[in-house]
Amino acid sequence: SLRIGALLTLGACVIAGTAVIWWVIPLATAVGGMGNGLTQVASNLAIFDGVARERQGVGFGAKQPAVPLASVLAGISLPVIGLVFGWRWVFVLAGLIALILAVSAPHLDMARAAARNEGPIGRPPRSLVFLAIGGIAGAMGGNGLSLFVVPSAVDIGIDEAAAGAVLAGCSLLVVLVRLGAGWLVDRNESIGFTEM
């Protein structure tokens with residue numbers, strides 16, 4: 001999944017970077033979204049199998065800020081690379097990163113994964129459903145809000161550079177909060193959902 005997801009991301013970068021018609025960009029976004037979905041699940045398994053239990057909070061805390069950190073990098077790369085070399089080169093760089101992931105993706109120990117006891121344990125608690133709904137709503141709200149921060153700020157008269165700095169600052173704050181939450185989980189020796 002890591003390799004396929006990285007190759008789909010590479011494909012999305014090629015599609016977007018060679019676009020000459022507007023509707024190709026939503027197509028690239030859809031392909032990139034499929035790549036993201038595959039790499040999210042595979043990276044969770046890689047952290048679960050490859051990181052010591054007492055450090056998994058920090059491991060997941062470092063993985064979860066990927067989306068806000070990508071927003072920061074995209075915001076920085078457009079003026080730094082796009083204004084100097086052209087916007088298509090931003091996709092060349094992103095595609096190169098995806099290619100490196102596809103080539104260097106670790107081979108997971110499937111014997112260890114097969115040895116895990118993942119049999120059914122009964123009906124999942126109702127609180128898990130509410131937790132999933134809350135997570136979906138939070139992700140939708142957070143992602144939607146980040147899309148409109150800069151245009152909305154510019155519409156009310158804030159300078160574009162300042163609006164971009166606000167978005168970058170908020171994204172970095174999200175990264176720090178998630179890393180801190182992971183660190184707290186490890187420090188308190190959390191055993192996860194069963195504590196609820």
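Predicted model: local features only at pLDDT ≥ 70, side-chain atom pairs only at ≥ 80, totals over all residues.
I take helices (H or I, at least four residues) and strands (E, at least two) as DSSP runs, numbered from the N terminus. With that in hand, I place Ser 43 in helix α2, which covers residues 24-50.

Residues are numbered from 1 along each chain as its sequence is written, and side-chain values use heavy atoms, with hydrogens and water left out.

**Entry: the chain as a whole**

I looked up the secondary structure and found eight helices and zero strands in the protein chain, the order from the N terminus on being α-α-α-α-α-α-α-α. For accessibility I use relative accessible area, calling a residue buried under 20%, exposed over 50% and partly exposed in between (1.4 Å probe, protein chains only). On that scale, buried residues make up 22% of the 196 residues in the protein chain. For contacts I require heavy atoms within 4.5 Å, and among the contacts in the protein chain with a separation of 6 or more, residues 24 or more positions apart account for 70%.

Is Ser 43 buried or exposed? I find it buried, because its relative accessibility is 18%. Leaving aside neighbours within four places in sequence, I see Ser 43 in contact with Leu 2 and Lys 63. I count a polar contact as a pair of N or O atoms within 3.5 Å, where within protein one must be able to donate a hydrogen and the other to accept it, and where residues adjacent in sequence count only if both atoms are side-chain atoms. In Ser 43 a polar atom of the side chain lies 2.8 Å from the backbone oxygen of Thr 39.

I then turned to Ser 104, whose place is in helix α5 (residues 88-104), and there a polar side-chain atom of Ser 104 lies 2.7 Å from the backbone oxygen of Ile 100. An α-helix has 3.6 residues a turn, so residues three or four places apart point the same way.

**Entry: helix α3 and its surroundings**

Which residues of helix α3 (residues 56-63) are buried? I list Gln 56, Gly 57, Gly 59, Gly 61 and Lys 63, and I find that the buried residues of α3 pack against α2, α4 (66-85) and α8 (160-187). Phe 60 also lies in α3, but I record this residue as partly exposed, because its relative accessibility is 26%. Not counting residues up to four places away in sequence, Phe 60 touches Asn 44, Ile 47, Phe 48 and Pro 65.

In helix α8 I looked up Ser 171, which is buried at 7% relative accessibility and is in contact with Pro 68, Ser 71 and Val 72 once neighbours within four places in sequence are left aside.

**Entry: the aromatic pair**

I pair rings of Phe, Tyr and Trp (its six-membered ring) if their centres lie within 6.5 Å, and I call planes under 30 degrees apart stacked, over 60 edge-to-face and the rest tilted. By this rule I count one aromatic pair. Why is the pair of Trp 87 and Phe 91 edge-to-face? Their ring centres are 6.0 Å apart and the planes stand at 90°, so the pair falls in that class. Both partners are partly exposed, Trp 87 at 39% relative accessibility and Phe 91 at 28%.

**Entry: helix α7**

Helix α7 (residues 126-155) has 30 residues and reaches 43 Å from its first C-alpha to its last, close to the expected 44 Å, the expected span being 1.5 Å times one less than the number of residues. I take the bend at a residue as the angle between axes fitted to the seven residues ending there and the seven starting there, and I note a kink of about 40° at Val 149 in α7, shortly before the proline Pro 151. Just after α7, Gly 157 takes a positive phi of about 105°.
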